[in-house]
Each structure stands twice: as C-alpha cells, then as structure tokens.
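Hi,

Here's the structure I said I'd pass on.

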Amino acid sequence: MKKTCAKYASKLIHDGMVVGLGGGSTIQYLIDYVKDKDIQVVTPSVKTALKAQKEGLPILNTQFVDHIDIAFDGCDEVDSNLNALKSGGGIHTQEKIIASMADEYIVLVDETKFHKTLAFKAPVVVEVLPRAYSIVKKKLEQLNGNVVERTSNNKDGIMISDEGNLLLDVYFNEVQDIGLLNQTLLMMPGVVDTSLFVDTITGIIMVNEKGVFKKEGKGEFHAL
C-alpha cells in the first residue's frame, strides 16, 4: 500500500520543482519513483537525504531556501480537518519550517492513520529548551498531560532534537479543542514547537484496499 501511495504522489512532482520530502518508508518509495526527474530536494531527514543523494537527486540546504513547490510527508494520525500528529521522528520543528515554505504540503497515509477527529493515540511531542524543562513539564501536567521523557536504548538520558533541545512525549485524553491545545502549547515560554500540526497540511493522499484517494482542504476524498 505504501508503494501504491508513493506512486500516485510521484505524479504530482514535475521537472523543475523544488520538492520537500519528509521521513519514513513511504518517502523512501517516493524517491524511487522520482529519481529520474529534474528536481531538487529539501528534507529534514538524514535518512531521506542519504537515499536521495544515492539516487542522484540534488539536496538543497533548508537554510538557503524560501520557497518549495510541493512537499510530502507521512504522519501518525491525520483527521478530516487536516490536523495531524507527526510524532515518530522527532523532527517536527524542521518539518514545519519546510511546510511553511511549500505551496502544497501533503501527507501520505494508509486508512488506519485517518480519523474523523484526532484520536491522540500518538503523543504530542514537545520540543523544549533545556533551561525550561521543569517549568514546561509542570505546565504540561497542569493541562492533564501525561509527560514521558523520550529516551532510547542506544542513548543515555533524554533524547534531544537536532537543534539540541529536549523531546517530551505528552499523552492527552479527550481533547475537546485541538486548536486551543495547539495555541496553548506554542505559547508556553521555552517550547520551541510540537508535533501537533494545525492549519499546516493542505491535502491527504490515502490508500486502502479499494484504491487511492485524495482530499484537498476541507473537501471530500476523491478517487485517483
């Protein structure tokens, strides 16, 4: 299904484009489908950059880019209002920078990732300046968030982002207002950004056993 989703996404990529590519296995397949096209790639993912470079696609440094024609990424959850959780990779801050530059920012998913409203089965990952760790943790708990320090079996201590900040996994139950939660988190002093995407995604390409479907904005899914 991931290959099928990537194949249809590749049809939206044309010669001369600057293309944003996120992380994940579907993006790896997408690179295979576009490796012979005359495009330039911007990515927050080291794995994606290595794959694209191996296939001969030029990589642009995000620092020197201010416009992207189209960008693709995966996610853990996405809903009918185009809210999403992109919690797995811990590179959401860089992903949002790329999304902000893109004319279109499309997530590629199978139907298990789609919900009418976000289920919050995945945590909201909060990237925090180290000096703000204690106060941000306290404020997150006051919002009834279950705060878990992100760790790895291959690293001692809390995992840090590429920018040197702490990553906290925060689990919320029964979120009534996703927009308000997003605004509240972003306004906390010391919070760099979160893995909750609101008013960022422009479309969804979803695959299931019946085929491939696309949703743009607030519209309905249509078959591709």
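**Aromatic pairs and a helix crossing**

Phe221 comes out at 26% relative accessibility, so it counts as partly exposed (buried is under 20% relative accessible area, exposed over 50%, partly exposed in between, with a 1.4 Å probe and protein chains only). This is a predicted model, where local features need pLDDT of at least 70 and side-chain atom pairs count only at pLDDT 80 or more, while totals for chains, interfaces and linings use all residues. Residues are numbered from 1 along each chain as its sequence is written, and side-chain values use heavy atoms, leaving out hydrogens and water.

The count of aromatic pairs is two (rings of Phe, Tyr and Trp, the last by its six-membered ring, with centres within 6.5 Å; planes under 30 degrees apart are stacked, over 60 edge-to-face, the rest tilted). Tyr105 and Phe197 are stacked, 6.3 Å centre to centre with 10 degrees between the planes. Tyr105 sits in strand β6 and Phe197 in strand β12, so this pair ties together parts 92 residues apart in sequence (strands are DSSP runs of E, at least two residues; helices are H or I, at least four; both numbered from the N terminus). Both Tyr105 and Phe197 are buried.

Phe221 pairs edge-to-face with Phe114, at 5.1 Å centre to centre and 85 degrees between the planes.

As for the helices, the axes of α1 (residues 2–10) and α2 (residues 25–34) come within 8 Å and cross at roughly 50 degrees (axes are lines fitted to C-alpha atoms over the stretch in contact, with angles from 0 to 180 degrees between N-to-C directions).

Cheers
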